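Here is a briefing on one protein chain. Look over the sequence and the fold, then read on.

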Amino acid sequence: MAALIAPSILSADFANLERDLNAIETADYAHVDVMDNHFVPNLTLGLPVFERLAQVSPVPIDAHLMIEDPDRWAPAYAEAGAASVTFHAEAAAAPVRLARELRRLGARAGLALRPATPVEPFLDLLAEVDMILVMTVEPGFGGQSFIEGTLPKIRRAREAVSGSGLDVWIQVDGGVSRSTIERAAEAGANVFVAGSAVYGAESVPDEIQALRELAEASAHAH
Ligand code: DX5
Ligand code: ZN
């Protein structure tokens, strides 16, 4: 299975976002972290900035909404041109209704789980989403270290997806680097977000390629 690499612009230079989007043109997606200072203790950017990013990005945008009340706010990110919109299970009042709305607007629908949120309650709803995001750090900040204890959840999610026969992607986000990506891929992830590893690298395109190769070499046969 191909590994998809989605660098997070949280580690880009916020005064040079267009330049730093162009730097990841060889990636599969640009991962844009929207934080509202309520769901997480950090604030990044909102819809007006996001709309411009979607217009200038050389690659499709993967929106990760770390916000309260995504039922109300998430559809606008699909309307703004996000290829994928991921909202948090812990914040959504009606995740199935919201996922259906995002798909109706033409986006892929992603469901994100904080490290302590179990995947089991959502396994009967796999047909309603295009991606499960297993957070491998507590959301809110870049540069944290990968939580190894999330690997069994990635594995259980992959087993459920394989058993369902559905093509649901499994994304990991947080602490993904050359030293952790193989374990995440082996557990069953196929979409990899990396912020500090990519933007902190000497060569951004080389890092994207290195991460992709490591993930593809470790992907189990799912
Ligand atoms: C964290 C964000 C991540 C962040 C990852 O809450 O969701 O996307 O940018 O950064 P790294 O790869 O540095 O852990
Ligand atoms: Zn993210």
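Predicted model: local features only at pLDDT ≥ 70, side-chain atom pairs only at ≥ 80, totals over all residues.

**Around Leu 21**

- Leu 21 sits in helix α1, which covers residues 17–22.
- Which residues does Leu 21 contact, leaving aside its neighbours within four places in sequence? They are Ile 9, Ala 30, Leu 53, Val 56, Ser 57, Pro 58 and Tyr 199.
- Leu 21 and Val 59 are 38 residues apart along the chain. Their C-alpha atoms are separated by 8.1 Å.
- Helix α1 also holds Glu 18. Glu 18 is partly exposed, at 46% relative accessible area.
- Glu 18 and Ser 57 are 39 residues apart in sequence. From C-alpha to C-alpha, Glu 18 and Ser 57 are 7.1 Å apart in space.
- Ser 57 is also one of the contacts of Leu 21.

**The whole chain**

- The protein chain has nine helices and eight strands.
- Its radius of gyration is 16 Å, close to the 17 Å that the globule rule gives for 222 residues, so the chain is as compact as a globular protein of that length.
- Along the principal axes, the C-alpha atoms fill a box of roughly 40 × 40 × 30 Å.
- Take contacts between residues at least 6 apart in sequence. Of these, 64% join residues at least 24 apart.

**Inside and surface**

- How much of the protein chain is buried? Buried residues make up 55% of the 222 residues.
- The accessible surface comes to about 9,200 Å². Carbon and sulfur atoms account for 50% of that surface.
- The protein chain carries 16 positive and 31 negative side chains. The centres of these two sets lie 4 Å apart.

**Nonpolar cores**

- In soluble globular proteins, nonpolar side chains tend to be buried together.
- The largest nonpolar core here has 64 residues. Which of them touch the most other members? They are Ile 24, Phe 50, Val 85 and Phe 192.
- A second, separate core has seven residues, including Ala 6, Trp 169, Val 191 and Val 193.
- Phe 50 touches Val 32, Val 34, Leu 45, Ile 61, Ala 63, Tyr 77, Ala 80 and Ala 82. That list does not count residues up to four places away in sequence.

**Loop residues**

- Asn 37 lies in the loop between β2 (30–35) and α2 (47–56). Its phi is near 70°, a positive value in a residue other than glycine.
- Is Asn 37 buried, partly exposed or exposed? At 43% relative accessibility, Asn 37 counts as partly exposed.
- Asp 69 lies in the loop between β3 (61–66) and α3 (70–73). Phi of Asp 69 is near 55°, and this too is a positive value in a residue other than glycine.
- Asp 69 is partly exposed, with a relative accessible area of 35%.
- Pro 115 belongs to the loop between β5 (108–113) and β6 (131–135). At 19% relative accessibility, Pro 115 counts as buried, because the cut-off is under 20%.
- Pro 115 is in contact with Met 135, Val 137, Glu 138, Pro 139, Ile 147, Thr 150 and Lys 153, leaving aside neighbours within four places in sequence.
- Pro 115 and Trp 73 are 42 residues apart along the chain. Their C-alpha atoms are separated by 23 Å.

Technical notes. Residues numbered from 1 in each chain as written. Chains lettered and ligands numbered in written order. Heavy atoms only, no water. Helix = DSSP H or I, 4+ residues; strand = E, 2+ residues; numbered from the N terminus. Rg over C-alpha atoms; globule rule 2.2 N^0.38 Å. Buried < 20%, exposed > 50% of the residue type's maximum accessible area, 1.4 Å probe, protein only. Contact = heavy atoms within 4.5 Å. Areas by Shrake-Rupley, 256 points an atom, 1.4 Å probe, with all protein chains shown as cover. Lys, Arg positive; Asp, Glu negative; His and termini not counted. Charge placed at Lys NZ, Arg CZ, Asp CG, Glu CD. Core = buried A, V, L, I, M, F, W, Y, C linked by side-chain atoms within 4.5 Å.
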